[in-house]
Amino acid sequence: MSADTSTEQRVGARDGADTADAADETAATTETTDSSRSADPVIELSDVEFGYTATPVVRDISLAIEPGEYLAVVGPNGSGKSTLMKLMLGLLEPDQGTATLFGESAHRFDDGQRVGYVAQHASASKEMPITVREVVKMGRFPHVGFGTLSSEDWQVVDEALVTVGMGEFANRRITQLSGGQRQRAFIARALASEAEMLVLDEPTVGVDAESVDAFYDLLESLNDQGITVLLIEHDLGAVTDHADRVVCLNGRVHFDGPTEEFVDSDALARAFGTAANLAGDGG
Ligand code: ADP
């Protein structure tokens with residue numbers, strides 16, 4: 001399940017591979033003022049149904065994500081996780097029901113820098129000689145328009161790098177990083193753009209175990225600082241260790257509630273068939 005190009009074009013954080021396009025698009029978005037930020041749910045889906053053909057892939061989906069939550073969406077392959085994420089981000093429009101993002105119709109939402117998106121297998125073009133600091137700098141473009149970055153903007157960039165533990169790699173090329181380091185750089189870019197929500201699509205696939213733990217610790221500390229986290233995840237260990245709330249999907253929502261209740265529930269068996277599938281299915 002990899003996100004398509006449209007996902008990266010709609011939301012604030014992008015893969016380093018499409019630097020020039022991303023810079024132009026990001027610069028074209030308008031700055032958000034604090035006064036426009038309200039206590040609306042970050043995301044709200046109401047009776048949503050969607051199918052790529054006449055057959056619905058997801059249906060009867062009603063859920064709200066409140067600011068500051070750390071929510072994980074789990075489910076077997078093909079259960080509609082990626083489709084649900086695209087509905088939430090307005091990349092797909094529901095056939096029935098409504099989807100809102102920061103209180104606006106998700107499909108019409110154009111304040112992309114409020115959402116930092118980290119794709120699965122975040123990769124960088126082999127030819128792109130861009131440094132980590134330059135990637136993170138892109139996060140400031142929505143805030144400076146087509147102008148140059150001020151010293152304050154650069155300070156935000158450098159603080160974001162330090163926050164994700166990548167300060168010493170600032171001048172390294174993005175292509176020279178490990179998978180885990182690259183994902184940190186993309187989180188730093190989202191922080192530089194002052195994203196209020198991070199959406200991560202199986203962000204640690206292919207990342208070594210030690211870096212995975214550190215990556216989830218970082219997410220948790222960002223969540224502690226108030227950033228809403230939406231994690232699409234196949235690794236149930238990561239989910240049960242870190243997320244506060246779990247949505248278990250298989251076309252419909254089989255469970256939506258606190259992680260502790262999810263662990264004790266039979267939602268896994270109902271959604272996946274047997275719990276054994278979970279540990280064994282790495283896709
Ligand atoms: P998951 O992310 O849980 O693996 P997806 O949302 O990717 O599930 O897919 C759910 C269902 O929708 C699958 O049966 C998949 O084949 C189908 N599907 C996904 N994307 C498309 C598409 N662009 N066109 C047609 N069918 C699709």
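Strand β7 has M197, V199 and D201 pointing one way and L198 and L200 pointing the other, and all of these are buried. This strand covers residues 197–201, and five of its five residues are buried, which leaves β7 mostly covered. The model is a predicted one. It contains 12 helices and 10 strands, and buried residues make up 45% of the 283 residues in the protein. Of the contacts with a separation of 6 or more, 71% are between residues 24 or more positions apart.

**Strand β7 and its partners**

- In a regular strand the side chains alternate between the two faces of the sheet.
- Strands β6 and β7 are paired in the parallel sense, with four bridges between them.
- V118 has L200 of β7 as its bridge partner, and V115 stands opposite M197 in β7.
- Strand β8, residues 228–232, also pairs with β7 in the parallel sense, here over five bridges.
- A right-handed β-α-β unit is made by β7, helix α8 (residues 209–224) and β8.

**The six-stranded sheet**

- Six strands make an open sheet in the order β6-β7-β8-β3-β9-β10, and the pairing is mixed.
- The edges are taken by β6 and β10 (252–258), each with a single partner strand, so one side of each has no neighbour in the sheet.
- On average, neighbouring strands of this sheet are turned by 15° against each other, direction ignored.
- Helix α3 packs on this sheet and touches β3 (70–74), β7, β8 and β9 (245–250). The direction of α3 makes about 150° with that of β8.
- Helix α7 lies across β6 and β7 and runs at about 170° to β6.

**The four-stranded sheet**

- A further open sheet has four strands in the order β2-β1-β4-β5, with antiparallel pairing.
- Its edge strands are β2 (58–65) and β5 (104–105); each has a single partner strand, so one side of each is left without a neighbour in the sheet.
- Strand β4, residues 96–101, is joined to β5 by two bridges, and the two strands run antiparallel.
- T100 has S105 in β5 as its bridge partner.
- Strands of a sheet pair through backbone hydrogen bonds, either parallel or antiparallel.

**Helix α3**

- Helix α3, residues 81–88, lies across β1 (43–50), β2 and β4, and runs at about 125° to β1.
- How many of the residues of α3 are buried? Eight of its eight residues are, so the helix is mostly covered.
- The buried residues of α3 are K81, S82, T83, L84, M85, K86, L87 and M88.
- After α3 comes G90, which has a positive phi, near 80°.

- Helix α7 (residues 179–192) packs with α8 at an angle of about 15°, and their axes are 10 Å apart.
- Angles under 35 degrees count as roughly parallel, and α7 and α8 are therefore roughly parallel to each other.
- The crossing of α7 and α8 is right-handed. On the α7 side the contact is made by G180, Q183, R184 and I187, and on the α8 side by S211, F215 and L218.
- An α-helix has 3.6 residues a turn, so residues three or four places apart point the same way.
- Helix α6 (residues 151–163) and α7 pack at about 140°, with axes 8 Å apart. That angle makes α6 oblique to α7.
- The crossing of α6 and α7 is right-handed.
- Residues V156, V157, A160, L161 and T163 of α6 meet A188, L191 and A192 of α7.

**Residue Q120**

- Q120 lies in the loop between β6 (115–118) and α4 (132–137).
- Why does Q120 count as partly exposed? It has 19 C-beta neighbours inside 10 Å, and a residue needs 20 or more to be buried.
- Q120 and L200 are 80 residues apart along the chain, and their C-alpha atoms are separated by 7.5 Å.
- L200 is one of the buried residues of β7.

Methods: Residues are numbered from 1 along each chain as its sequence is written. This is a predicted model: local features need pLDDT of at least 70, side-chain atom pairs count only at pLDDT 80 or more; totals for chains, interfaces and linings use all residues. Two strands pair if DSSP finds at least two bridges between them. Two residues are in contact if their C-beta atoms, placed from the backbone, lie within 7 Å. Axes are lines fitted to C-alpha atoms, for helices over the stretch in contact, and angles run from 0 to 180 degrees between N-to-C directions. A residue is buried if 20 or more other C-beta atoms lie within 10 Å of its own, exposed if 12 or fewer, and partly exposed in between; C-beta atoms are placed from the backbone. A crossover is right-handed if, with the strands pointing away from the viewer, the path from the first strand over the helix to the second runs clockwise. Angles under 35 degrees count as roughly parallel, over 145 as roughly antiparallel, 65 to 115 as roughly perpendicular and the rest as oblique. A crossing is left-handed if the near helix is turned anticlockwise from the far one by less than a right angle, and right-handed if clockwise.
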